[in-house]
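Colleague: Before I use this model, I would like to go through the terms applied to it. Please set each value against its definition.

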Amino acid sequence: MPKVMVVTSGKGGVGKTTSTASLGAALAQSGQSVVLVDFDVGLRNLDLVMGAERRVVFDLVNVVQGDAKLPQALIRDKRIDTLTLLPASQTRDKDALTEEGVKNVIEELKEKFDWIICDSPAGIEKGAQLAMRFADMAVIVTNPEVSSVRDSDRIIGMLDSKTLRAENGDTFEKHLLLTRYNAARAARGEMMNVQDVLEILAIPLLGIVPESNDVLTASNVGCPVTLNTPDSMAAKAYSDAARRLRGEKLEIVEPMERKGFMSRLFGRKAATA
């Protein structure tokens with residue numbers, strides 16, 4: 001049965017689009033057919049992260065408004081046959097989307113794909129509400145910062161009230177993806193630790209993605225980190241998160257503080273003194 005998943009956040013800049021691309025690529029690598037739908041109309045970025053910006057001819061708005069057929073707007077990934085992108089418009093605004101039009105697109109996508117992953121714009125406005133409206137489940141992307149966690153709590157409330165499943169009294173599955181986590185900074189109290197975030201948001205933890213230059217590099221070259229540097233810690237965190245989404249029971253290991261050689265040397269001397 002196809003699954004419609006929204007990747008969302010209350011705060012911008014938390015790594016939502018890179019997470020959409022990385023989770024989607026990891027699911028596609030497992031043999032699942034995946035389509036990534038960019039709902040950030042006017043601020044299109046998912047095509048850049050996927051390296052498909054020069055291949056965009058038609059977009060989500062064109063399909064919703066009947067100016068193009070869905071197959072005309074879908075862009076097949078050149079690296080993974082089972083991965084597809086439906087880009088957003090860069091020249092329109094979010095008012096160009098309608099609830100009925102989005103519903104029709106989602107229903108048509110469900111006939112073609114195992115996973116429909118909706119990359120939501122940040123915030124609580126119309127675009128974000130339409131991205132989550134027809135979803136079965138959500139991944140809430142959060143940084144370990146007070147403002148990000150507070151905004152994510154607001155988004156969780158919307159998922160439990162504004163989605164069609166919630167209105168029908170059905171269970172809405174929610175997962176927390178903690179990104180840009182730095183164990184050393186958390187240990188020094190410069191950012192929230194994992195347990196603090198979980199206590200506030202009270203939803204299951206899907207994964208912890210460590211702060212990593214590999215993620216930024218992958219975005220800049222237009223390739224999800226799970227494909228660009230698959231052996232990196234960030235890529236492995238995303239790959240494990242994708243496996244959990246598919247139902248596998250994997251332990252979540254919190255990234256540890258990495259100490260330099262001199263720090264380890266003097267720490268060992270102090271311990272033996």
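Colleague: What share of the contacts in the protein chain with a separation of 6 or more is between residues 24 or more positions apart?

Modeller: That share is 76%. Keep in mind that this is a predicted model.

Colleague: How do you know that the radius of gyration agrees with a compact globule?

Modeller: The rule is 2.2 Å times the number of residues to the power 0.38. For 273 residues this gives a value near 19 Å, and the protein chain has 19 Å, so the two agree. Along the principal axes, the C-alpha atoms fill a box of roughly 75 × 40 × 35 Å.

Colleague: What does the secondary structure of the protein chain come to?

Modeller: There are 14 helices and eight strands.

Colleague: What percentage of the residues counts as buried, and what makes a residue buried?

Modeller: A residue is buried when its relative accessible area is under 20%. In the protein chain, 50% of the 273 residues count as buried. The accessible surface comes to about 13,000 Å², with 47% of that belonging to carbon and sulfur atoms.

Colleague: How many charged side chains are there, and how far apart are the centres of the two sets?

Modeller: The protein chain has 35 positive and 37 negative side chains, with the two centres 5 Å apart. Side chains of opposite charge can pair when their charged atoms come close. The structure holds 13 salt bridges.

Colleague: Why is the pair R185 and E190 called a salt bridge?

Modeller: The cut-off from nitrogen to carboxyl oxygen is 4 Å. R185 and E190 have an N to O distance of 3.5 Å, so the pair meets the definition.

Colleague: What makes D240 and R243 about one helical turn apart?

Modeller: They are three residues apart in helix 13 (residues 233–245), which means a separation of about one turn. D240 has a relative accessible area of 27% and R243 has 34%, so each counts as partly exposed.

Colleague: Which residues are linked with D240 and R243 in a network of salt bridges?

Modeller: R246 and E248 are linked with them. The side chains of E248 and R246 meet at 3.9 Å, N to O, which is within the 4 Å cut-off. E248 is partly exposed at 29%, and R246 is partly exposed at 39%.

Note on methods: Residues numbered from 1 in each chain as written. Predicted model: local features only at pLDDT ≥ 70, side-chain atom pairs only at ≥ 80, totals over all residues. Heavy atoms only, no water. Helix = DSSP H or I, 4+ residues; strand = E, 2+ residues; numbered from the N terminus. Buried < 20%, exposed > 50% of the residue type's maximum accessible area, 1.4 Å probe, protein only. Contact = heavy atoms within 4.5 Å. Areas by Shrake-Rupley, 256 points an atom, 1.4 Å probe, with all protein chains shown as cover. Lys, Arg positive; Asp, Glu negative; His and termini not counted. Charge placed at Lys NZ, Arg CZ, Asp CG, Glu CD.
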